[in-house]
Amino acid sequence: MHEYSLVQGLFDEVAAQAAARGATAVRKVTVGLGELAGVDPELFATAFMTFRPASPYPDAELSLRLVEAVWVCAGCAAPFQRGAVLRCQACGAPGRLAAGDELILERIEMEVPEPHALRPESTERAHTGD
Ligand SMILES: [Zn+2]
């Protein structure tokens, strides 16, 4: 099931972004999932729960945002009605998928230490010593 390798990749990306911001915890991960991405949302969620305990972020929640497929004309960019024939009524050009085949990490809610917590303790004592 490729959902498992996708979730593994997702955790890698989350870990990289969390590390880049010095996050101590990840609360929630929001993923945009297109209906034509070829990913089963339930399997994806199951895979997330399977990976989570062994990940650096065992408390991270998954929020899946399902994205409907959107077709537009490849010639004149006119939007197609949902379920319509994929050929433009206006110019006859075929349809082009504008949205709905994506799997995107949209948002990470993470805990980042307050800046003052990172300040070395010695700076606070500088004028009170001696
Ligand atoms: Zn057209």
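## Basis of the description

Two residues are taken to be in contact if their C-beta atoms, placed from the backbone, lie within 7 Å. In the predicted model described here, Cys91 meets this condition with Cys73, Gly75 and Cys76, when its neighbours within four places in sequence are left aside.

## The sheet

Three strands make up an open sheet of mixed pairing, and their order across it is β2-β1-β5. Its edges are formed by β2, residues 61-67, and by β5, residues 103-111, each of which pairs on one side only.

Strands of a sheet pair through backbone hydrogen bonds, in either a parallel or an antiparallel manner. Here β1, which covers residues 25-34, runs parallel to β2 and is joined to it by seven bridges. Val31 has Leu64 of β2 as its bridge partner, and Gly34 has Val67 of the same strand β2 as its own.

## Helices against the sheet

Helix α1, residues 2-20, lies across β1 and β5, and it runs at about 45 degrees to β5. Helix α2, residues 41-51, also packs on the sheet, where it touches β1 and β2, and its direction makes about 165 degrees with that of β2. Together, β1, α2 and β2 form a β-α-β unit that is right-handed.

In soluble globular proteins, nonpolar side chains tend to be buried together. The largest nonpolar core of this model contains 15 residues, and those with the most contacts inside it are Val7, Val14, Val26, Val29 and Phe44. The elements that contribute two or more residues to this core are α1, β1 and α2.

The surroundings of Val26 can be given in detail: not counting residues up to four places away in sequence, Val26 touches Val14, Ala18, Tyr57, Ala60, Ile108 and Met110.

In sequence His2 and Phe44 are 42 residues apart, yet their C-alpha atoms are 9.0 Å apart in space. Phe44 is one of the residues listed with the most contacts inside the largest nonpolar core.

Glu35 is placed in the loop between β1 and α2, and it is classed as partly exposed because it has 14 C-beta neighbours inside 10 Å. Not counting residues up to four places away in sequence, Glu35 touches Leu66, Val67, Glu68, Ala69 and Gly100; among them, Val67 is the bridge partner of Gly34. A separation of 68 residues in sequence lies between Glu35 and Leu103, whereas from C-alpha to C-alpha they are 9.5 Å apart.

Cys91 is found in the loop between β3, residues 70-73, and β4, residues 95-99. Cys91 is exposed because 12 other C-beta atoms lie within 10 Å of its own. Cys91 and Ala78 are 13 residues apart along the chain and 9.3 Å apart in space, C-alpha to C-alpha.

Note on methods
Residues numbered from 1 in each chain as written. Predicted model: local features only at pLDDT ≥ 70, side-chain atom pairs only at ≥ 80, totals over all residues. Helix = DSSP H or I, 4+ residues; strand = E, 2+ residues; numbered from the N terminus. Buried ≥ 20, exposed ≤ 12 C-beta atoms within 10 Å, placed from the backbone. Pairing = 2+ DSSP bridges. Axes fitted to C-alpha atoms, helices over the stretch in contact; angles between N-to-C directions. Core = buried A, V, L, I, M, F, W, Y, C linked by C-beta atoms within 7 Å. Right-handed = clockwise from strand over helix to strand, strands pointing away.
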